[in-house]
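Please look over the sequence and the model before reading on. The paragraphs below walk through them in steps.

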Amino acid sequence: MSARLAVITGCGVVSPLGAGVGAFWDGLVAGRSAVASIRRFPAGDLAPNAAAEVTDPSLDDPDRAGAFALGAAREALADARLDVAAVGPARIGVALGTTLGGMQLFERWIATGDASGLASVPYYAPATRVARAVGCRGPVVTAQLACASSTYALALAADWVRAGRADVVFAGGTDLLCRFVVAGFNCLKATADRARPFDAARRGLVLGEGAAVVVVEDAEHAARRGATVHGRLLGVGAAGDATHMTAPDREGRGAARAMAGALADAGLAPDAVDFVSAHGTGTPYNDAMEAVAIGRVFGPGRVPVNSIKGAIGHTLGAAGAFEAVMCLRVLAEGTIPPTAGLERVDPACAGLDLVHGAARAHRTSVALSTSSGFAGANAALVFGRA
Amino acid sequence: MTDDVVITGAGAVIAVEDAEAGLPETVRSRGARAERVTRLVLGAGGAALDAAGLVATDGPARPRVGVVVGTAFGCFLTNDAYARRLDMGAAAASPRLFAATVSNAAAGELGIAYRLGGPAVTLTAGTVAGTAALGHASDILRAGRADALVAGGADATGLGLKVWSMSGGFAPGAPPTDAAAFVVLETAAGVQRRGGPVLGTILAYALGFGDREEVAARALADAGVGAGDVVRSVATSSHLLAAGGPHALRSALANAPRGGLVLVVDACPTGHAAALVARAA
């Protein structure tokens, strides 16, 4: 294990609950849901057509995912009070996750023949845009673990910092709503009008969009420049289910391996964890799988659990990064936001201590965030209080 | 950093029609149903696992054996096919195609086929993604999060990618071709315990954005060697896209004298750059 420690010194979000970490956090704690009928693009033939959209008109950019990422990165940069020139561009990296990249540009090209912006279509493009805007010359990589993509982007950042490959990494995720993805999840019959994670009446996920970016920094580097530390990134883990391409392992073995791996990487036992941020999509299979997996790792009902997908929808490649920002606020505030949309806990998930109805005051020293995605991808992160 | 990372197997596929040759029947049947890039990964990844003596196609998932795939364009061809159908209206959306519009589909299929329950990671960094995958795999092994990883790069080409590229999407140095190149990486202590083959040792790697020479210098410095110590220095073949770096490494190690140092320098028109230093066995 490396002696270098990764800490978080900046956070930024563009969320359906509003621009900035403050609006995001306040909305989560209040139990607000940003889910409504889709308004930004033609959705008349989409059923269901509910989603959590970002409504800030200043972000109306054809490269929507890139604009989201840049907006979040700029807030994180300001929050971290970073002087890029002083750090040195070669010591700064970018690690983002996305599942759609410039898909809106691709759709437009197919529908209208408008070829402008086609270079921003690939999944690597949002990270490239952030790297150019920041002036970074260090590692620039995009994690592709489906809905665990941005969780793993933070893992990449932690590895680079701990191995001395970078002193500062902008890490997070970005994704957008478009017909490609809404029609896709609809045709898989995975969607619902309302996201109700872990609820007995849950019927499926509701999509969301936005970006979340954190500044992952070498602890000594942060101390030398007098930076405020929001939390420590103590451990990372990942594991494949190796069972099915779209359905999660019903026994939760892959997710449990990722969580156990992150704890081992952090050098912590499960009983050190005070709070778990679940993937909690609101699909029948995912939430039942997670109940099994979290029970396997932590024991029944021992640790408070929430999901924020009832509030901002499932933001896919950005979801893990949003949840990371939420975990950092939980560590700082000692408050766990409620699981919006959860009213009656599914008996299959009754082994979880689910926070719902109202925010819960809970002093938290260590938080774990878990994510799972198509193709059996699982990733987990362990955060410690500053 | 806890241990040296060694290469214990290698495999490559340059034509998708050859992807399933020599694979176990269960893997061939998965490949027959899969999209093009997944077939390439199954072929090259399977060959690398076979060369390393690490094939298992049944039983529980192996928690300490995983996969790291690098790809420039991943499932682009499936995205293209799905999006063109969707353009006719939501009723035309194909669940079969949509389920394959994730770039990590190939890693998932390889994991199911070869019982890989360890880290299952897919990365993109333009055409540098394959070299980035090798580097990241070495970081995972050195951090002790796996014992063995099949890692490399793959991209599938076809009409959809060609039309998009020619419309301004991407400008490779040469017309791209289907390709996948993978190696198996293990900790030196692990392979010594199990008595596997050793083709070479990864000494260092570096990633950067914009300046390939600066990245190469960083990799050499991290390895503690000078440019004059390198016996084979190879730039990647851009027409192989993300397979270029791993393919160059594989060829350079095979042709280097015993103990010779190899430097692979990988760069993409997007600005992504990577370099990797290895020693031939």
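This is a predicted model: local features need pLDDT of at least 70, side-chain atom pairs count only at pLDDT 80 or more; totals for chains, interfaces and linings use all residues.

Residues are numbered from 1 along each chain as its sequence is written, chains are lettered from A and ligands numbered from 1 in the order in which they are written, and side-chain values use heavy atoms, with hydrogens and water left out.

Begin with the two chains. The size of an interface is often given as the accessible area lost when the parts come together. Between chain B and chain A, the buried area (the accessible area, with a 1.4 Å probe, that two parts lose on being put together, summed over both) is about 5,000 Å². Carbon and sulfur atoms give 63% of that area. Of the area that chain B buries against chain A, Phe98(B), Arg145(B) and Phe209(B) supply 14%, more than any other three residues. Chain B brings 64 residues to the contact and chain A brings 61 residues, where contact means heavy atoms within 4.5 Å.

Next comes helix 4 of chain A, residues 103–112. Helices (H or I, at least four residues) and strands (E, at least two) are DSSP runs, numbered from the N terminus. Seven of the ten residues of helix 4 are buried; buried means under 20% relative accessible area, exposed over 50%, and partly exposed in between (1.4 Å probe, protein chains only). Among these buried residues are Met103(A), Phe106(A) and Trp109(A). What do the buried residues of helix 4 of chain A pack against? Their partners are helix 2 (64–80) and helix 7 (179–187) of chain A, together with helix 3 (76–86) and helix 7 (159–169) of chain B. Just after helix 4 of chain A comes Gly113(A), with a positive phi of about 85°.

Helix 2 of chain A also packs with helix 5 (residues 125–134) of chain A, at an angle of about 40° and with the axes 9 Å apart. Axes are lines fitted to C-alpha atoms, for helices over the stretch in contact, and angles run from 0 to 180 degrees between N-to-C directions. These two helices are therefore oblique to each other, since angles under 35 degrees count as roughly parallel, over 145 as roughly antiparallel, 65 to 115 as roughly perpendicular and the rest as oblique.

In chain B, the axes of helix 2 (residues 36–52) and helix 5 (residues 105–114) come within 9 Å and cross at roughly 45°. That makes helix 2 of chain B oblique to helix 5 of chain B. In helix 5 of chain B, ten of its ten residues are buried. They pack against helix 1 (25–33), helix 2, strand 2 (65–70), strand 3 (120–124) and strand 4 (148–155) of chain B. Arg115(B) follows helix 5 of chain B and has a positive phi, near 60°.

Two single residues remain. Gly169(B) is placed in helix 7 of chain B and counts as buried because its relative accessibility is 5%. Leaving aside neighbours within four places in sequence, Gly169(B) is in contact with Leu118(A), Ala119(A) and Trp164(B). Asp218(A) lies in strand 9 (residues 210–218) of chain A. At 4% relative accessibility, Asp218(A) counts as buried. Not counting residues up to four places away in sequence, Asp218(A) touches Arg4(A), Leu5(A), Val7(A), Val161(A) and Asp167(A).
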